[in-house]
Amino acid sequence: MYIDGTGYNIYIEKEGFDNLKEYISEKAKSKRLFILTDTNVYQHCASILFENIEQLKNAPCFTIQSGEKSKNMEKVMDLFHFLADNHANRDTILVCFGGGVVTDLGGFAASIYKRGIDTLLLPTSLLAQIDASIGGKTGIDANGIKNLIGSFYMPKGVFIFPGFLKSLPEREIKSGYAEAIKHALIDNKGYWNYLKEFDFTSYDRMIFKSIEIKDKLIDRDPKESGERKKLNFGHTIGHAIESYFLNQNAELVLHGEAVAAGMICESYISYKIQGLSEIELKEIIREIKKHFTKITIPDNSFEELKSYMLNDKKNSIYEINFTLLDAIGTSSFNRKADDTLIQESLLFYYQNG
Ligand SMILES: NC(=O)c1ccc[n+]([C@@H]2O[C@H](COP(=O)([O-])OP(=O)(O)OC[C@H]3O[C@@H](n4cnc5c(N)ncnc54)[C@H](O)[C@@H]3O)[C@@H](O)[C@H]2O)c1
């Protein structure tokens, strides 16, 4: 099955690796392949990939420590040294094999190495399969801020193997599931109803539906000047929470977990100023609470959270932009909320999340 992405193809392989095999032996036959992956993915998924794709078995492979803390400039520089030491040039394809950290970091590095080399994305986490590998946003964290540095850089192809999800821990599955909830809430009530009954046994339909929604918005607005902003629902507050914990020495909050909390806050703001009904607000909270436990954010953290929100690329120095829900399945972007309401939404989360 494949979706015509914005300038590249997205393949969802049911069994086997046919499309990737064909791409590598035909379109990439005169190219040199390099792999970027992380320690967990190498351990759990590399042998499956190498058994199927001979050409990748012998490709130079750079492995980063797994997790968000690796999504930084130091790792990009290490990757550049590795590429240069192995004489990677404009004929090189960087195969980004891993979760959203690998696809974000690899896409960013590829977009500037020798002014741009090609990438193929092989997402292995649910979050990367339904969201991070789609749409060409790349980036790394810097100065304690999520995705401070990045680029828009489309891959040559995205190849999705749902079979890789067998080794993905449940907590990471749920983190990815948060993005599926977001896709449904902003764009498709039918999908929301489907997710309410989701039994976590087969992901094929979810992957297809989520990609279809995300790709449609990107196709209409590739550089995020308008409708693509809808995909930021839950992320204005979610990214601030994620950045806050990234800068603590506490256990990390996963991206999807922070987004789930952000979606409760931003649904509350939607109820207050965007016409979301109280019945639907309660339904959203009930569904999110089925899968996510409350994140404890200290009472005195608001100023720090606010400074992360103001640093977000989507916002100006004075105003914080939100995507808000009109109802489940329809949303509006470029909505403003004042400090009091944002703070109130966090309080609402502490009491109801
Ligand atoms: N570019 C975008 O449009 C976009 C969209 C959403 C999120 N993101 C970014 O994606 C990142 C989060 O992605 P993520 O949740 O995939 O994080 P991740 O890359 O850290 O992967 C999550 C964990 O799962 C492990 N893992 C991945 N696949 C596995 C598998 N098949 N078996 C066993 N373990 C596996 C990884 O090693 C890691 O420990 C964040 O940095 C976020 O900002 C980007």
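**Entry 1**

I began with strand E7 (residues 137–142): 5 of its 6 residues are buried, so the strand is largely enclosed by the rest of the structure. I took buried as under 20% relative accessible area, exposed as over 50% and partly exposed as in between, with a 1.4 Å probe and protein chains only. Strands (E, at least two residues) and helices (H or I, at least four) are DSSP runs numbered from the N terminus. I note that the model is predicted, that local features need pLDDT of at least 70 and side-chain atom pairs pLDDT 80 or more, while totals for chains, interfaces and linings use all residues. Residues are numbered from 1 along each chain as its sequence is written, and side-chain values use heavy atoms, with hydrogens and water left out.

I then looked up the partner of E7. Strand E8 (residues 145–152) runs antiparallel to E7, and 5 bridges join the two; strands pair if DSSP finds at least two bridges between them. Ile140 stands opposite Ile149 in E8. The hairpin of E7 and E8 has 2 residues between the strands, and in this hairpin Asn143 takes a positive phi near 55°.

**Entry 1. Strand E6**

I found strand E6 (residues 118–123) mostly covered, with 5 of its 6 residues buried. E6 pairs with strand E5 (residues 92–98) in the parallel sense over 6 bridges. For Val95, I recorded Leu120 in E6 as the bridge partner.

**Entry 2. Cavities**

On a 1 Å grid over the protein atoms alone, a cavity is a set of points where a 1.4 Å probe fits but cannot get out; a pocket is an open set with protein on both sides within 12 Å along at least five of seven lines; lining residues have an atom within 4 Å of a point. Grid points are joined across faces, edges and corners, and a volume is the space filled by probe spheres set on the points.

I counted 3 cavities of 30 Å³ or more. The largest cavity holds about 90 Å³. Its lining has 13 residues, with Ile145, Lys146, His239, Tyr308 and Asp312 nearest the centre. E8, helix H10 (235–246) and helix H13 (302–311) each give two or more residues to this lining.

The second largest cavity has a volume of about 70 Å³. Among the residues lining it are Thr103, Asp104, Thr119, Leu121, Lys137 and Thr138. Helix H5 (100–112), E6 and E7 each give two or more residues, and H5 has the largest share, 3 residues.

**Entry 3. Second largest pocket and helix H12**

I looked up the second largest pocket, which holds about 290 Å³. It is lined by 19 residues, and Glu257, Phe292, Thr293, Lys294 and Ile295 are the closest to its centre. Helix H7 (170–187), helix H11 (255–273) and helix H12 (278–291) each supply at least two lining residues; the largest share, 4 residues, comes from H11.
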